[in-house]
Amino acid sequence: MPADSTAPTKALADFFPNQRKNLPIALTTEDVKGKTYIVTGATGGIGYELAKHLVRLEAARVIIGARNEERGKAAKATIEGDAGRKDVVEIWPLDLASYESVKAFGKRIETAERIDALVLNAGVSHAGWQVKEGNEANLTVNFIANYLLAFMALPHMQAVAKTHGITPRLVVVGSMGAFFAGESIKKFPSEGILDDLNDRAKWESDFTNRYSVTKLLQHMAARQLASLRPVSDVGIVVNVVDPGFCKTGLNKELSVWTRAKAWLAKVTLGRSAEMGSRTLVHGVKVGEESHGKYLTSCEIREDHIPEWVTNEAGQAIQKQIWDELLAKLDKIKPGLPSRVIVDWA
Ligand SMILES: NC(=O)c1ccc[n+]([C@@H]2O[C@H](COP(=O)([O-])OP(=O)(O)OC[C@H]3O[C@@H](n4cnc5c(N)ncnc54)[C@H](OP(=O)(O)O)[C@@H]3O)[C@@H](O)[C@H]2O)c1
């Protein structure tokens, strides 16, 4: 962990005791029975364990966004097999590294007759600089594509929510790692942040922090979206969940040496993917009080957010990132941001 003035002191103080907690499973069969959920990145890790909980708790339909058909089919087989159920899990193709794939997934969402939660769980931590859709790949996958998907889904989620008289959740799977991006954001320009983050000559030497930076952007955009209107107006709860430090495949691309260090840390401190998934279960369950809030270890913990995120300077960066995100989305799918923002702003 970097020792700098921007380190998240409060979150760090609670991190070690929280990692050892036996977390509750917040949803019951009564909550889940007959409902429809969409979970991205549920071919493995935390998302897979969330999908397992939802199927076991008798969801009617669990749609998994998967970039690899074989892994998707394997996940469906084991999830349904373990629950002793059939024809509940649907695997829909989704590659967040391709805007066309995200658009197709978003369009297909419009066929869902009901959506109780969309869990934006899929994420990456690339070990080296790669470019996808003209941006550094962590930026594309963890940030831009996730919001392309969210923006495509939100109008339909609102429409079907009205039909069913429900308040769906948009659960953004963030990370406490976002709070280690404080030193990196000091290098942000006042505008053109997203373009600047594609400047390889400037940023490659800071690449170990790239995952944190993209998780911070994702976190800030969720807060900005939620800040626009209350749940009573938009009918959707948006929250950000940190699953904790979990034993998953997230670091699979890192060097052998870094993975060895991570493995040691995970053996001593890491949650199982199933334990981590309970934080997502909580994100799906928790109501209006979580709108725009940061959740960790199955609690709303706004006090864990470092001051540099919430102070005036942090809020200015958040607004700037939001405006730049909307501009990007408008280029990717002309008219999309205004379709959503008309309801939210
Ligand atoms: N593990 C942790 O300690 C930790 C801590 C904080 C936050 N998180 C967050 O938790 C979320 C889940 O991560 P995890 O730890 O469960 O990692 P994981 O085991 O690597 O699972 C990631 C999932 O995302 C999918 N995915 C990756 N790239 C994708 C793409 N381009 N398009 C569609 N799906 C893609 C993967 O699919 P494939 O099967 O095709 O690879 C997999 O299903 C991430 O958002 C991560 O940032 C994790």
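Reader: How many disulfides does the structure hold?

Author: The structure holds 0 disulfides, a disulfide being a pair of cysteine sulfur atoms within 2.5 Å. This is a predicted model, in which local features need pLDDT of at least 70, side-chain atom pairs count only at pLDDT 80 or more, and totals for chains, interfaces and linings use all residues. Residues are numbered from 1 along each chain as its sequence is written, and side-chain values use heavy atoms, with hydrogens and water left out.

Reader: Is Cys 298 buried or exposed?

Author: Cys 298 is buried, with a relative accessible area of 13%; buried means under 20% and exposed over 50%, with partly exposed in between (1.4 Å probe, protein chains only).

Reader: Turning to the cavities, how many of 30 Å³ or more are found?

Author: The search of the whole structure finds 1. A cavity is a set of points, on a 1 Å grid over the protein atoms alone, where a 1.4 Å probe fits but cannot get out; lining residues have an atom within 4 Å of a point. About 70 Å³ of space lies in the largest cavity, the volume being the space filled by probe spheres set on points joined across faces, edges and corners.

Reader: Which residues line the largest cavity?

Author: Among them are Phe 15, Asp 242, Arg 271 and His 304. Helix 1 supplies the largest share, 4 residues; helices (H or I) are DSSP runs of at least four residues, numbered from the N terminus.

Note on methods: On a 1 Å grid over the protein atoms alone, a cavity is a set of points where a 1.4 Å probe fits but cannot get out, and a pocket is an open set with protein on both sides within 12 Å along at least five of seven lines; lining residues have an atom within 4 Å of a point. Helices (H or I, at least four residues) and strands (E, at least two) are DSSP runs, numbered from the N terminus.
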